[in-house]
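Hello,

Here is the structure we talked about handing over. Please open it first, then read the notes below it.

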Amino acid sequence: MISKEEVKHIAKLARLGLTEPEIEKFQRELSSILDYIEKLKEVDIKNVEPTSHTLKIENVFREDVAKKLDIEKVKKLIKAFPERENTFLKVKSIFRR
Amino acid sequence: MKLCELTIKQAHLGLKNQEFSAKELTKAFLDEISLKDKKISSFLTQTKDLALSQAEKVDELISRGKELPILAGIPMALKDNILVKDVKCTAGSEILENYIAIYDATVIKKLKEKGAVILGKTNMDEFAMGSSTENSAFFPTKNPHDLTRVPGGSSGGSAAAVAANLCCYALGSETGGSVRQPASFCGVVGLKTTYGAVSRYGLIAMASSLDQIGPITKTVEDAKIVFDAISGKDPLDSTSIEKQVPTFNLQPSALRIGVPKEYFIEGIDPEIEKLVKEAIKKIEDLGVKIFEVSLPHTKYALSTYYMVMPSEVSANLARFDGIKYGYSITKSKEPRAKNLLDVYLKSREEGFGNEVRRRIMLGTYALSAGYYEAYYLRAQKVRTLIKEDFDKAFEKVDFLLTPVSPVLPFKIGERIEDPLSMYLADILTVSVNLAGLPALAIPCGKVGKLPVGLQIIGKPFYEDSLFQLGQIFEEINE
């Protein structure tokens, strides 16, 4: 069973706010899923390479050239900002004044 | 026959012979949607104006006597995690409730070039996480064969819309069975495409080593038509590749097909087992050699999947942060965030639903310091063994036959409170995604009014031979 403290720690790492009853709910649910996943410990994985995906390709390159951006797209991107000033994305300050 | 009941092939011939116009065909579907979708709830957004303007263009093409691409004028729908320029794209989530896509996904670009008519965006489990479409932030979709039951998921809206004749075909996406399982629950055809066969550019990412877009159609022939239109290498998705495999005409008498014994597990509905075994017998009667094969690591597939997938989910969904687009608490009237951390925590708390948060938590745990090797890396190694099981089986046989789902479409509400019981619904589909293989779900019969699907699994990039075997099966199963 994972602890309440662990649940809080993971939630903070994941940047997920949780309410107090949710912490207990997640503690229960995550523990039961992790118990199920424990099954994997039975498998002999000595000398087995991990598979991150199934295609035998790596390092797909493209030319490093600047592409002209469609100005209409840029305008739409800016319009989607939750908070902005002029064309700037506005975020909460991260330095103390 | 009503216009809405036509297959792609039939509708194409009708348009070509000018039996009806693209506009008439489109209107027939729009009428059917307004008549029937109140009950089924398969659409999240309808794009009526877009559909009619696309249909008009096709009618113009026809009147000028131009060559008509097979998908031109054919009304379709797509899962709401695939972007269509200037159309809302929610991924079934409140965090994207008002998000408008600024570009077309590559698959949509390709379909638009071929004259497709887009009727709208279909309901789904939030960010494609679920097996019933009940995890949609907006409303559940109902199974057209029994409105008290789920249509499957996560592409439940797409499968229900095809089954109810609300579109001629649809696109869905797969991470662990999300095209095949709803196709099976709704009695239609669904294709999980080989990993790398179809560009994911413009598909909202869930688990990048598993995600693929695939068609949901009324017939196998239609699935081939859509697959041929959307597949191929895309410079905008570096995991897409152009793979040439030999094409040939299948001769049943020369075919070798495996039936993996681990897929007829304890707990499988006996009626499903019976129908699938009858289907296999029908194929055997054509002169196909059937062998029992073993995929010994099958029992670890679900655990592997529920470790690999949430880990990738936790990374992919980090982008929804309340800062760049989508739901943000900075937009509330009362100031609610004291600092930047508050913006992240509260926007994500309020924007994401339960299942999404559960998987982000699980993935974050698996990737966190001290657990990475015990969980994520171990799962990736077991994934190798699962893939090798298939490699070995395919040295002996050309295809594998299994059921798609161990259970019939279940009642709405039956599993939603118990995440693990919902996960178990994926037990026969996830291995295919872990191994990157193509697989086809085809209706093979019914239990009462509830459809049952047969799964045909093929070698990587052998979609064409999957379609051939699928069509042979459709003919003998009529």
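**A sheet in chain B**

B:Pro75 stands opposite B:Val117, a residue of strand β3 of chain B. This is a predicted model, so please read every value below as computed from it. Strand β2 of chain B, residues 75-79, pairs with β3(B) in the parallel sense. Five bridges hold that pairing. On β3(B) there is a second pairing, with strand β1 of chain B, residues 43-46. Here the strands run antiparallel, and three bridges join them. One position to look at is B:Gln46, which stands opposite B:Gly120 in β3(B).

Is β3(B) mostly covered or mostly open? It is mostly covered: the strand spans residues 117-122, and six of its six residues are buried.

**Where the two chains meet**

Next, the interface. Chain A brings 53 residues to the contact, and chain B brings 67 residues. Between them the chains bury about 5400 Å², with 70% of that on carbon and sulfur atoms. Three residues stand out on the chain A side: A:Tyr36, A:Leu40 and A:Pro82. They supply 12% of the area that chain A buries against chain B, more than any other three residues.

Polar contacts cross the interface too. The rule finds 17 residue pairs in polar contact between chain A and chain B, with both residues at pLDDT 80 or more. Which helices of chain A take part in the side that touches chain B? Helices α1 (4-13), α2 (20-37) and α3 (71-79) each supply at least two residues. The largest share comes from α2(A), with 10 residues. By class, that side of chain A has 29 nonpolar, seven polar and 17 charged residues.

**Salt bridges between the chains**

Side chains of opposite charge can pair when their charged atoms come close. Over all chains, the whole structure has 32 salt bridges. Three salt bridges are counted between chain A and chain B.

Start with A:Glu29 and B:Arg358. They form a salt bridge, and their closest N and O atoms are 2.7 Å apart. The pair crosses from helix α2 of chain A to helix α11 of chain B, residues 354-367. Are these two residues buried or exposed? A:Glu29 has a relative accessible area of 11%, which is under 20%, so A:Glu29 counts as buried. B:Arg358 has a relative accessible area of 7%, so B:Arg358 is buried by that cut-off as well.

**Salt bridges within a helix**

Now turn to helix α8 of chain B, residues 270-284. B:Lys277 and B:Glu273 both lie in this helix, four residues apart, about one turn. Their side chains meet in a salt bridge, at 2.8 Å from N to O. B:Lys277 is partly exposed, at 41% relative accessibility. B:Glu273 is also partly exposed, with a relative accessible area of 23%.

Another pair in α8 of chain B is B:Lys274 and B:Glu278, again four residues apart, about one turn of the helix. Their side chains meet in a salt bridge with an N to O distance of 3.8 Å. B:Glu278 is partly exposed, at 36% relative accessibility.

**A closer look at B:Arg359**

B:Arg359 lies in helix α11 of chain B. Its relative accessible area is 3%, so B:Arg359 counts as buried. A polar contact of 2.6 Å joins its side chain to that of B:Glu355.

What does B:Arg359 touch, not counting residues up to four places away in sequence? The list is B:Met129, B:Gly130, B:Met206, B:Tyr306, B:Met309, B:Pro310, B:Val313 and B:Tyr423. Of these, B:Pro310 is worth a check in the viewer. B:Pro310 and B:Arg359 are 49 residues apart along the chain, yet their C-alpha atoms are separated by 5.0 Å.

Best wishes

Definitions and conventions
Residues numbered from 1 in each chain as written. Chains lettered and ligands numbered in written order. Heavy atoms only, no water. Contact = heavy atoms within 4.5 Å. Buried area = accessible area lost by both parts, 1.4 Å probe. Salt bridge = Lys/Arg side-chain N within 4 Å of Asp/Glu carboxyl O. Polar contact = N/O pair within 3.5 Å; in protein donor to acceptor, adjacent residues only side chain to side chain. Nonpolar A, V, L, I, M, F, W, Y, C, P; charged D, E, K, R; others polar. Buried < 20%, exposed > 50% of the residue type's maximum accessible area, 1.4 Å probe, protein only. Pairing = 2+ DSSP bridges.
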